[in-house]
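Have the model open in your viewer while you read.

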Amino acid sequence: MAPKHCLLGFLVTLFLTGAAETHPAHESLKPQRVHFQSRNFHNVLHWQPGRASASSSSIYFVQYKIYGQRQWKNKEDCWGIPELFCDLTNETSDVQEAYYGRVKTAVAGTHSAWTMTRRFTPWWETKIGPPGMNITQVNGSLLVILHPPKIPYRNQKGKNVSMENYYELVYRVFIINNSLEKERKVYEGTHRVVEIEAVTPHTGYCIVAEIYQPMLDRRSQRSEERCVKCP
């Protein structure tokens, strides 16, 4: 007779590899709505508990792979976790590649089958945030300095990589005359330093900006208003 620890090891292997058959009764444990949410290339896997696993004792296991590969990889930081999300930013850093993620749950010694995402390509699907913005007053004009959203990648020298390395970014700048409560677009283009001339003295203005991606025909949310009063 085989030692008990050998049998236990065999069962653990079946669980971790997904080789064991999942009983139909355990389908209700499967995580639901498994999907990526991506903002500025921060790629996070999210899911909801299965119908029968909304329990504080449920734990989750996450794997990922590149499209076309057969072998799934464990995400060690998300192996047996109680949370309903897992940050896969580092594992999906080639933004032109397509990836899959999958999640399984275990509760009270019973485990579910895997639930897999649809194909996820960061370059196509990440949502870019609004530009950063600084405003200074120079000789009766307003000088607007724009910054693309920060992303989590660095080059081989350890320096931050710009969002502009991945997309053509078109900046749109709008000015609001507070006394007239009227908005107008004062700039659209790729330059990140914009001078707004012919502003009225003793008048308050607010500036907002957004980014447009021509290739994807998308625009970001607007930045928060930055307001100044011309002397």
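Start with M163, which you'll find in the loop between β12 (160-162) and β13. This is a predicted model, and in it M163 comes out buried, with a relative accessible area of 0%. What does M163 touch, once residues up to four places away in sequence are set aside? The list is N40, F41, I128, P148, P149, I151 and L169. Take N40 from that list: 123 residues separate it from M163 along the chain, yet their C-alpha atoms are 8.0 Å apart.

Of the contacts in the protein chain between residues at least 6 apart in sequence, 61% join residues at least 24 apart. The chain has 231 residues, 43% of them buried, and carries two helices and 18 strands. Its accessible surface comes to about 13800 Å², with 51% of that belonging to carbon and sulfur atoms.

Now follow the chain on to β16, residues 204-213. Here 10 of the 10 residues are buried, so the strand is largely enclosed by the rest of the structure. Look along β16 and you'll see G204, C206, V208, E210 and Y212 pointing one way, while Y205, I207, A209, I211 and Q213 point the other way. Both sets are buried, and that includes E210 and Q213.

Which strands does β16 pair with? One is β13 (residues 170-177), which pairs with it in the antiparallel sense over eight bridges; to get your bearings, find V170, whose bridge partner in β16 is Y212. Another is β18 (residues 226-229), also antiparallel, joined to β16 by four bridges. In that pairing, G204 has K229 as its bridge partner. Then there's β17 (residues 218-219), running antiparallel to β16 with two bridges, where R218 stands opposite Q213. The hairpin of β16 and β17 has four residues between the strands, and D217 there takes a positive phi near 50 degrees.

Next, the nonpolar side chains. The largest nonpolar core has 29 residues, and those with the most contacts inside it are L142, V144, L146, Y167, V173, I196 and I207. Two or more residues each come from β9 (132-138), β10 (141-147), β11 (150-154), β13, β15 (193-196) and β16. The largest share, four residues, is from β16. Apart from this core lies another, of 13 residues, including W47, C78, I81 and L88.

Beyond four places in sequence, its contacts include L146, I196 and I207, along with V208 and A209. R184 and K185 are also among the residues V173 is in contact with.

The E91 side chain makes a polar contact with the side chain of K75, at 2.8 Å. Besides K75, E91 is in contact with Y64 and Y99, leaving aside neighbours within four places in sequence.

Finally, how confident is the predictor? The chain averages a pLDDT of 88, and 87% of the residues score at least 70.

Note on methods
Residues are numbered from 1 along each chain as its sequence is written. This is a predicted model: local features need pLDDT of at least 70, side-chain atom pairs count only at pLDDT 80 or more; totals for chains, interfaces and linings use all residues. Side-chain values use heavy atoms; hydrogens and water are left out. Buried means under 20% relative accessible area, exposed over 50%, partly exposed in between (1.4 Å probe, protein chains only). Two strands pair if DSSP finds at least two bridges between them. Contact means heavy atoms within 4.5 Å. Accessible areas come from the Shrake-Rupley method with a 1.4 Å probe; for residues, only the protein chains shown count as cover. pLDDT is the predictor's confidence in each residue, from 0 to 100. A polar contact is a pair of N or O atoms within 3.5 Å; within protein, one must be able to donate a hydrogen and the other to accept it, and residues adjacent in sequence count only if both atoms are side-chain atoms. A nonpolar core is a set of buried Ala, Val, Leu, Ile, Met, Phe, Trp, Tyr and Cys residues joined through side-chain atoms within 4.5 Å.
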